[in-house]
Structures are given as structure tokens and as C-alpha cells.
Amino acid sequence: QESEEETLKKLKDIKEERERSDQLDLERRQKEVELQSALEDAVAKVEEVREEASKQEASRVRSLVEVLYFSHVFDLPPPHFPPHLQHMERSSCLSYDFSRDPDDSAPALTQHDLDLISAFGNLL
């Protein structure tokens, strides 16, 4: 009878060990799912950061091209360039700036500002 009791105890121990093992497997799988989700979130965040950096880079390049363009437009005209075209471009720019939102607190552009843009573009 002792042998039967020992066998039952061993079977009970084996059952408890299997339940603990199953519980650990379940916890491990849950952790894997959590880690997979966290990894996917991190990858998505990295992609967002890359996309934002790419947009910022494109914005910087666009700003540089705009400065170069306007510096050329507002530059002193070469001898073969009709001077009235430069005056027209400058006047258009100043008029556009003057007609902007009245709530804008930035000072209005002046001829001197356009000269500075031109000089800056020549330095680039």
C-alpha cells in the first residue's frame, strides 16, 4: 500500500510540475506577444522619425533653393538685363508682403531686405 501511495504522490508531483511548466509556457508566450508588439511599435516609431527627418531635409533644401532663386531675382541686373524687370520683381515682392495678414507682427519687407537676400545668395 505504501508503494501505491508513493506512486500516487509521484503522479501528483508530476501533474503539479506539468501545470507549473504549462503556466511558465503561457507566461513566456504572453511575454513574446508583448515584446513583439513593443518591437512593432518601435519599428513604426523609427519609420515615423525617418519620414519626419526626410521631410525636414526636403524642407531645408527647398528653403535653400528659394533663397538662391530670390537672391538671383533681386540681384543687381547684368548690363544686358532690362532694369525695369528687376524693379518690377522687387515691387511685386514688396506689394505681396504689404498685402499679407494684418495680424502678422513681422515688420514689412524693404528694398534693403531684398538687397540683403541678394547679397546672401551671392555668398552661397
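**Salt bridges and a buried serine: worked exercises**

Asp-25, Arg-28 and Glu-32 are joined in a network of salt bridges, a salt bridge being a side-chain nitrogen of Lys or Arg within 4 Å of a carboxyl oxygen of Asp or Glu. The model is predicted, so local features need pLDDT of at least 70 and side-chain atom pairs count only at pLDDT 80 or more, while totals for chains, interfaces and linings use all residues. Residues are numbered from 1 along each chain as its sequence is written, and side-chain values use heavy atoms, with hydrogens and water left out.

**Exercise 1.** State how many salt bridges a search of the whole structure finds, and then describe the one between Lys-9 and Asp-13.

Solution. Step one: the search of the whole structure gives nine salt bridges. Step two: in the pair formed by Lys-9 and Asp-13, the closest N and O atoms are 3.7 Å apart. Step three: both residues belong to helix 1 (residues 2-74), where four residues, about one turn of the helix, separate Lys-9 from Asp-13; helices (H or I, at least four residues) are DSSP runs, numbered from the N terminus. Step four: Lys-9 is exposed, with a relative accessible area of 52%, whereas Asp-13 is partly exposed at 35%, since buried means under 20% relative accessible area, exposed over 50%, and partly exposed in between (1.4 Å probe, protein chains only).

**Exercise 2.** Work out the spacing and the closest N and O atoms for the salt bridge between Arg-62 and Glu-66, and then do likewise for Lys-55 and Glu-51.

Solution. Step one: Arg-62 and Glu-66 bring their closest N and O atoms to 3.0 Å, and the two residues are four apart in helix 1, about one turn of the helix. Step two: Arg-62 is exposed at a relative accessible area of 57%, while Glu-66, at 34%, is partly exposed. Step four: Glu-51 is partly exposed, its relative accessible area being 48%.

**Exercise 3.** Decide whether Ser-71 is buried or exposed, and identify what surrounds this residue.

Solution. Step one: Ser-71 is placed in helix 1, and its relative accessibility of 4% makes it buried. Step two: the side chain of Ser-71 reaches the backbone oxygen of Leu-68 at 2.8 Å. Step three: leaving aside residues up to four places away in sequence, Ser-71 touches Ile-117, Ser-118 and Gly-121, where contact means heavy atoms within 4.5 Å.

Notes: Polar contact = N/O pair within 3.5 Å; in protein donor to acceptor, adjacent residues only side chain to side chain.
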